[in-house]
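Subject: Structure handover

Hello,

Here is the model we talked about. Please load it and keep it open while you read the notes below.

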Amino acid sequence: MAGSTLATGRRTLARLLAPLLCLTLAACASTPPLRGTGNLGVVIERASGSVQIVDNTHEQALARVQGLGDLSHASVVFSADARYAYVFGRDGAISKVDLLSARLVKRVEQASNSIGGAISSDGRVIAAQNYSPGGVKLFDADSLALLASVPAAAGANGQPSRVVGLADLPGKRFAYALFDADEIDVLDASTPTAPKVQRFQHIGKQPYDGLASGDGRYFIAGLYGEDGLALLDSWHADAGVRRILAGYGRGRQTMPVYKMPHLRGWSIAGDYAFLPAIGQHEILVADNRSWAQVATVPVLGQPVFVMAEPGGRRVWVNFAFPDNDKVQVIDVPTRQLIKTLQPGRAILHMEFTPRGDAVWLSSRDDNKLVVIDTATLTVRRTLPALEPSGIFFSSRAGRMGM
């Protein structure tokens, strides 16, 4: 009798638990598999206002996230844990994208015209640089709540300057240039609700972009209005800003400029920096200690991005129209051209896998991504994409100046 009662109780318990078990299994079936984020990336699909999340180990597309607004000029930084991508759109919006769930977490419209931003060295503060209304805004990386608004000095027209070249530096600092005010500023966000700004005035005419060296020591601004560049050594900031590479700049132009090169596309490989010459068919090579020019490397067109492989042995170059269907590879020790590739129409951007085994190229006019093996210089795979431009891998999360 006791055995029969026990059996009956077990059957009753099983009937009661069955629906709960089904719900649990259904939940497990809909939960994405566990994975890391170190080999993920974001591809900007500029015309559709979307980003594609990709896996650079298995060379595959994982998902598309839509609703990010105007991405005609867009850049991306990553959270410290490499889970979230912060996409800065041309329309002044910041979009926080979860790489694991492939969803738009939050979107904040913080300006009317913006061209990028950065994340602080501790990963807690997002900084946005703005054309209009000018200045820099700081946001909490978790919530995207506004922490502070830092106005820019006025230009000759009396309006706040456009801000360009924003880059993170060690110690929760940011450096940026003021195009209309001929100035470089360093913002200390140690107390992000009350940031402090150190100003360096009269650094040269119309600084149009900027970059930080990989160790965060140097900030370099390109000058659109005169020859040369402006360099700030953040270790010795009291010494001010000095000019470098005299003779490089608009004064040397003998042909129209079809696309201004981005300074973030400049590279340091070994003891040298490789820079795209504005309006010229050449790459400038400078000693990265003295910053003196030591050589030039002729190329087939006007260079836009000049990017070194992670190992630094070779440099890859893409070009402005009408040569933007080609990519050239340069050997660093000999400074000689190794090969000219023709991977697709309108190659807008390049991104190396973290250790440089492959490079991903965006071919806007062919609506595809091209993955090239850097050892053999052959195509490994192509992937469809909607008018792709910028490619950003999450390995950037651990690098400065990104």
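Which residue in β2 is the bridge partner of E45? It is S50. Keep in mind that this is a predicted model.

**The open sheet**

E45 and S50 sit in a pair of antiparallel strands, β1 (residues 40-45) and β2 (residues 50-55), joined by 6 bridges. Both strands belong to an open sheet of 4 strands. Its order is β3-β2-β1-β32, and the pairing is antiparallel. The edges are β3 (60-65) and β32 (388-393). Each has a single partner strand, so one side of each has no neighbour in the sheet. On average, neighbouring strands here are turned by 25° against each other, direction ignored.

**Around β26**

Is β26 mostly covered or mostly open? Mostly covered: 5 of its 5 residues are buried. V327, V329 and D331 point one way from the strand. Q328 and I330 point the other way. Residues on both faces are buried.

β26 has pairing on record with β25 and with β27. With β25 there are 5 bridges, and the two strands run antiparallel. V315 stands opposite I330 in that pairing. With β27 (residues 336-341) there are also 5 bridges, again in the antiparallel sense. There, Q328 stands opposite T340. β26 and β27 form a hairpin with 4 residues between them. R335 lies in the turn and has a positive phi of about 55°.

**Around β29**

β29 (residues 358-363) has 6 of its 6 residues buried, so the rest of the structure largely encloses it. A358, W360 and S362 point one way. V359, L361 and S363 point the other way. Every one of these side chains belongs to a buried residue.

Which strands pair with β29? One is β28 (residues 347-352), which runs antiparallel to β29 and is joined to it by 5 bridges. I347 has S363 as its bridge partner in β29. The hairpin of β28 and β29 has 5 residues between the strands, and G356 in its turn has a positive phi of about 85°.

The other is β30 (residues 368-373), antiparallel to β29 over 6 bridges.

**Salt bridges**

How many salt bridges are there? The count comes to 19.

- E183 and R199: the closest N and O atoms are 2.7 Å apart. The pair links distant parts of the chain, with E183 in strand β14 (residues 183-188) and R199 in strand β15 (residues 196-201), 16 residues apart. E183 counts as buried because its relative accessibility is 2%, under the 20% cut-off. R199 is partly exposed, at 45% relative accessible area.
- R217 and D233: the closest N and O atoms are 2.8 Å apart. R217 is in the loop between β16 (207-212) and β17 (218-223), and D233 is in strand β18 (residues 229-233). These are distant parts of the chain, 16 residues apart. Both residues are buried.
- R313 and D331: the side chains meet at 2.9 Å, N to O. R313 is in the loop between β24 (303-308) and β25 (314-319), and D331 is in strand β26 (residues 327-331). They are 18 residues apart and again link distant parts of the chain. R313 is partly exposed at 49% relative accessibility. D331 is buried at 9%.

There is also a network. E59, D373 and R380 are joined by salt bridges that share partners.

**Where to look in the viewer**

Best wishes

Note on methods: Residues are numbered from 1 along each chain as its sequence is written. This is a predicted model: local features need pLDDT of at least 70, side-chain atom pairs count only at pLDDT 80 or more; totals for chains, interfaces and linings use all residues. Side-chain values use heavy atoms; hydrogens and water are left out. A salt bridge is a side-chain nitrogen of Lys or Arg within 4 Å of a carboxyl oxygen of Asp or Glu. Buried means under 20% relative accessible area, exposed over 50%, partly exposed in between (1.4 Å probe, protein chains only). Two strands pair if DSSP finds at least two bridges between them. Axes are lines fitted to C-alpha atoms, for helices over the stretch in contact, and angles run from 0 to 180 degrees between N-to-C directions.
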